Amino acid sequence: MSRLALPLLILLPSTALAAPPAASPARIAEFEKHVRPLLIRRCYSCHSAQAAPPKGGLRLDTRQGWQTGGDSGTAIRPGRPDQSLLIQAVRYRDDSLQMPPKQKLPAEEIRILERWITNGAVDPRTGNPSTGRRGTGDHWAFQTLSPGSPPIETGSHWSRTPVDRFILARLAAAGLAPSPPADRRTLVRRICFDLPGRPPSPDKVATFLSDNRPGAWERLVDRLLNTPHYGQRWGRHWLDVARYADSNGLDENVAHGNAWRYRDWVIDSLN
């Protein structure tokens with residue numbers, strides 16, 4: 001986006017550094033999932049710290065950047081997409097203001113920006129406007145780690161670990177109570193479906209039920225983790241993300257003769 005600096009209406013500066021609207025988790029999630037990736041992909045090459053200097057003096061890599069605006073004024077007016085220079089530019093209705101200059105954005109990407117501004121242009125980025133570094137924002141993933149204490153459990157001895165106390169507190173807040181403990185036969189079926197991904201054999205069930213020594217559960221878990229089936233089950237999730245396949249699956253169905261090496265490496269690594 002390189003032509004926002006063309007002479008246009010200068011918007012009122014009184015809103016340039018206004019405090020951002022109250023941001024709900026849903027609006028922040030919308031920005032992080034749809035708007036920020038779009039700005040990075042389409043705008044940052046010309047309108048961020050990496051442009052050095054940004055075209056038209058406009059920065060879109062921080063909230064203060066679009067609030068301050070560039071040579072033509074504030075780029076975005078929260079709640080008013082039709083009066084926002086950014087939207088006017090991406091709509092390509094003015095020959096003198098078209099962003100990005102080489103090709104108009106797809107209609108869906110324009111709608112993402114319009115919807116974002118209509119909903120108040122929630123932007124959790126609090127990076128330093130002089131460096132363009134992304135700040136912590138309001139998203140939990142950008143918060144600095146700090147020591148914390150689990151909730152205090154009162155009137156109950158259900159928890160076995162500190163994590164259980166967090167679960168118990170959330171259940172109590174929702175007016176719920178923990179389920180009763182599962183019997184040993186149910187436990188062995190659950191862990192077998194969870195780790196190797198298949199039901200336990202009658203012999204495996206009988207072995208666990210007859211093992212009354214301390215540490216029986218831990219020994220069962222270790223045995224299941226040591227089977228090749230564990231890597232086969234959980235490696236599938238990694239392979240799905242990598243879009244693994246033995247062939248391209250089209251009409252000609254070209255086989256990838258060495259693809260199995262990566263598949264086996266993933267399984268062996270997990271095991």
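Q: Which helix supplies the largest share of the lining of the largest pocket?
A: In this predicted model, that helix is H6, with 3 residues of the lining. Helix H5 (162–173) and helix H6 (184–194) each give at least two residues.

Q: How is a pocket found, and how much space lies in the largest pocket?
A: Rolling a probe the size of a water molecule over the atoms shows where empty space is left. Here the largest pocket holds about 500 Å³. Its lining has 13 residues, and Arg-160, Pro-181, Ala-182, Leu-187 and Arg-190 lie nearest the centre. By class, the lining divides into 8 nonpolar, 1 polar and 4 charged residues.

Q: What span should the 12 residues of H5 have?
A: Counting 1.5 Å a residue, H5 should span 16 Å, and its end C-alpha atoms are 17 Å apart, which agrees. Just after H5, Gly-175 takes a positive phi of about 75°.

Q: How many aromatic pairs are there?
A: The count comes to 4. Take Phe-208 and Trp-217: their ring centres are 6.2 Å apart and their planes lie at 65°, so this pair is edge-to-face. The pair of Tyr-262 and Trp-265 is stacked, at 6.1 Å centre to centre with 20° between the planes. Both Tyr-262 and Trp-265 sit in helix H10, 3 residues apart, about one turn of the helix.

Q: Is Phe-208 buried or exposed?
A: Buried means under 20% relative accessible area, so Phe-208, at 2%, counts as buried. Trp-217 is partly exposed at 32%. Over the face of Phe-208 lies Arg-184, at 4.2 Å from the ring centre.

Note on methods
Residues numbered from 1 in each chain as written. Predicted model: local features only at pLDDT ≥ 70, side-chain atom pairs only at ≥ 80, totals over all residues. Heavy atoms only, no water. 1 Å grid on protein atoms, 1.4 Å probe; cavity = no way out; pocket = protein on both sides within 12 Å on 5 of 7 lines; lining within 4 Å. Points joined across faces, edges and corners; volume = space filled by probe spheres on them. Helix = DSSP H or I, 4+ residues; strand = E, 2+ residues; numbered from the N terminus. Nonpolar A, V, L, I, M, F, W, Y, C, P; charged D, E, K, R; others polar. Expected span 1.5 Å × (residues − 1). Phe/Tyr/Trp six-rings, centres within 6.5 Å; stacked < 30°, edge-to-face > 60°. Buried < 20%, exposed > 50% of the residue type's maximum accessible area, 1.4 Å probe, protein only. Lys NZ or Arg CZ within 6 Å of the ring centre and 35° of its normal.
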